Number of protein chains: 2
Amino acid sequence: MVRFFVPPEELTGEVLMLTGENAQHAKVLRLKTGEEALVCDGEGRECLCVVTDTAGGQFSLTVRQRRESETEAAVQVSVYMAFPKADKLEHVIQKATELGAYEIVAFPSARCVSKPDEKSLKKKLERWQKIAASAAEQSGRGRIPQVRVLPSFKAALEEAAKADKRLMFYENEQAVTLKMALTGSTYRTVSLLTGPEGGLEEKEVAQAREAGLQVCTLGKRILRCETAPLCALSAVMYDAGEF
Amino acid sequence: MVRFFVPPEELTGEVLMLTGENAQHAKVLRLKTGEEALVCDGEGRECLCVVTDTAGGQFSLTVRQRRESETEAAVQVSVYMAFPKADKLEHVIQKATELGAYEIVAFPSARCVSKPDEKSLKKKLERWQKIAASAAEQSGRGRIPQVRVLPSFKAALEEAAKADKRLMFYENEQAVTLKMALTGSTYRTVSLLTGPEGGLEEKEVAQAREAGLQVCTLGKRILRCETAPLCALSAVMYDAGEF
């Protein structure tokens, strides 16, 4: 079923009108009277609608059912990623959205070779948010993960530490596996923190431990910086019973 | 430690010489006498060596220890993927290699929009194998996964069915999760079979069941054809205790 995202304040009333890009999209899809469509607020609520009027290129949809999205994960996983090169961050945003991440948070770390400057950041965040929206639509999600940027590694640790499970992945860790970190306890929120192309510094790993993060391995093979968060996210979703 | 792959027949004797691309690579890395290096046969055996001579741009390495690779997964996971568009297959080959796949096998299915013709296939296979070799080197593997192509969907089912766990992922399956399929039994070999951009046809899913494959879901979100095999592979590696 086709899926449109609208601002939460537009998800009111018994008849919804598609506007702007949504109307464009409906036109391209040749949406017809009688067809069903989902209108979502991008925050987990959605209306199952039927198209009741398409006269004059205007699309009116009548609400049949209001409900919580049925495709959101019960577990909230925040993906914290040290800034990689631009195309890799975009890749992770798209894939992490498909895989059900709650949010994607980029932050600077010592060995980051690529950090967007203040000036370009606003435009980039808009672009990243669009990538998340498009992936959310394509994968049938009811929520668009927020893409955020933090000013420092310290800020990332402080935020990440608030989750029930707060995990940092480090290639020199050999004793503690992700499985050990997850087994035997329940969790509703998870933070996954991974490093940039050049890896995390030992000093950073020590800071993370101090902040209350658990340092784990993702196995004996060295994963690229864009592979690690997606591998960890897939495993957490699996562990949490999502598939 | 730097890692070179050589044909298995060259991994004999007490002194190994680097030739061709390996010698080139050693030159670029400015490998020096006294440094350690790993020489691997790409099939899971490796020699821990020390560089003993670099005179005249020739690199002689003396074998210190012969051993089985320490970075290969104990579980053998074969990734069977219906031909996607070219760049996606390359992406999956690279990532599945990092994640520890045993082999990557491409096959045609009803809704494939992209199938390489006989003529171009040989060249493409060479290219794909190079991508796997490069990812194996970068991720520190001792084995280069073989990239293979099968002539038919039926051939893929027949091969995939030989594994201890043989799983097909289908977006319309809702009852059986990957976790259900894996829990409560041991396995040493796994086949993961996924569809192309347009998905698998119901008829194909029925054929897979008949061939003995178990049909599972990867969750409530629709994954892109290049995301599904990597998500499943990550989860299987996690379940098998790799991380």
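Biologist: Which residues of helix 2 of chain B meet helix 3 of chain B?
Modeller: From helix 2 of chain B, they are Glu90(B), Ile93(B), Gln94(B), Thr97(B) and Glu98(B). On the helix 3 side of chain B they meet Trp128(B), Ile131(B), Ala132(B), Ala135(B), Ala136(B) and Ser139(B). Keep in mind that this is a predicted model.

Biologist: At what angle do helix 2 and helix 3 of chain B pack?
Modeller: The angle is about 30°, and the axes are 8 Å apart. Angles under 35 degrees count as roughly parallel, so helix 2 of chain B is roughly parallel to helix 3 of chain B.

Biologist: Is the crossing of those two left-handed or right-handed?
Modeller: Helix 2 of chain B passes helix 3 of chain B in a right-handed crossing.

Biologist: New topic. How many residues of chain B are in contact with chain A?
Modeller: On the chain B side there are 31 residues, in contact with 30 residues of chain A. Three helices of chain B each supply at least two residues to that side: helix 2 (86-98), helix 5 (178-182) and helix 7 (228-239).

Biologist: Which helix of chain B gives the most?
Modeller: Helix 7 of chain B does, with seven residues. By class, the side of chain B that touches chain A has eleven nonpolar, ten polar and ten charged residues.

Biologist: What does helix 7 of chain B do with helix 7 of chain A?
Modeller: Their axes come within 8 Å and cross at roughly 65°. Helix 7 of chain A and helix 7 of chain B are therefore roughly perpendicular to each other. Helix 7 of chain A passes helix 7 of chain B in a right-handed crossing.

Biologist: Which residues make that contact?
Modeller: Helix 7 of chain A brings Leu230(A), Cys231(A), Ser234(A), Ala235(A) and Tyr238(A). Helix 7 of chain B brings Leu230(B), Cys231(B), Ser234(B), Ala235(B), Tyr238(B) and Asp239(B). By class, the contact of the two helices has eight nonpolar, two polar and one charged residues.

Biologist: How are the two copies related?
Modeller: Chain B can be laid on chain A by a turn of 180° and a shift of 0.0 Å along the axis, with an RMSD of 0.0 Å. The two copies are thus related as by a two-fold rotation axis.

Biologist: Which residue of chain B comes closest to the rotation axis?
Modeller: That is Ala235(B), with its C-alpha at 2.4 Å.

Biologist: Why do you say the copies meet through the same surface?
Modeller: Because 97% of the interface residues of chain B are also interface residues in chain A.

Biologist: What about Phe243(B)? Where is Phe243(B) found?
Modeller: Phe243(B) sits in the segment after helix 7 of chain B.

Biologist: Is Phe243(B) buried or exposed?
Modeller: Buried, because 25 other C-beta atoms lie within 10 Å of Phe243(B), and 20 or more count as buried.

Biologist: What is Phe243(B) in contact with?
Modeller: Leave aside its neighbours within four places in sequence. Then Phe243(B) is in contact with Thr177(A), Leu178(A), Lys179(A), Thr217(A), Leu218(A) and Gly219(A), and also with Met237(B) and Tyr238(B). As for Leu213(B), 30 residues apart from Phe243(B) along the chain, the C-alpha atoms of the two are separated by 26 Å.

Biologist: Let's zoom out. How many helices and strands are there in chain A?
Modeller: Chain A has seven helices and eleven strands. Its C-alpha trace spans about 65 × 45 × 30 Å along its principal axes. Of its 243 residues, 43% count as buried.

Biologist: Last one. What is the phi of Arg30(A)?
Modeller: Phi of Arg30(A) is positive, about 55°, although Arg30(A) is not a glycine. Arg30(A) lies in the loop between helix 1 (20-28) and strand 3 (36-40) of chain A. With 8 C-beta neighbours inside 10 Å, Arg30(A) counts as exposed.

Biologist: And Arg30(B)?
Modeller: Phi of Arg30(B) is near 50°, also a positive value in a residue other than glycine. Arg30(B) is exposed, with 8 other C-beta atoms within 10 Å.

How values were computed. Residues numbered from 1 in each chain as written. Chains lettered and ligands numbered in written order. Predicted model: local features only at pLDDT ≥ 70, side-chain atom pairs only at ≥ 80, totals over all residues. Contact = placed C-beta atoms within 7 Å. Helix = DSSP H or I, 4+ residues; strand = E, 2+ residues; numbered from the N terminus. Nonpolar A, V, L, I, M, F, W, Y, C, P; charged D, E, K, R; others polar. Axes fitted to C-alpha atoms, helices over the stretch in contact; angles between N-to-C directions. Parallel < 35°, antiparallel > 145°, perpendicular 65-115°, else oblique. Left-handed = near helix turned anticlockwise from the far one by under 90°. Buried ≥ 20, exposed ≤ 12 C-beta atoms within 10 Å, placed from the backbone. Least-squares fit on C-alpha atoms with pLDDT ≥ 70 in both.
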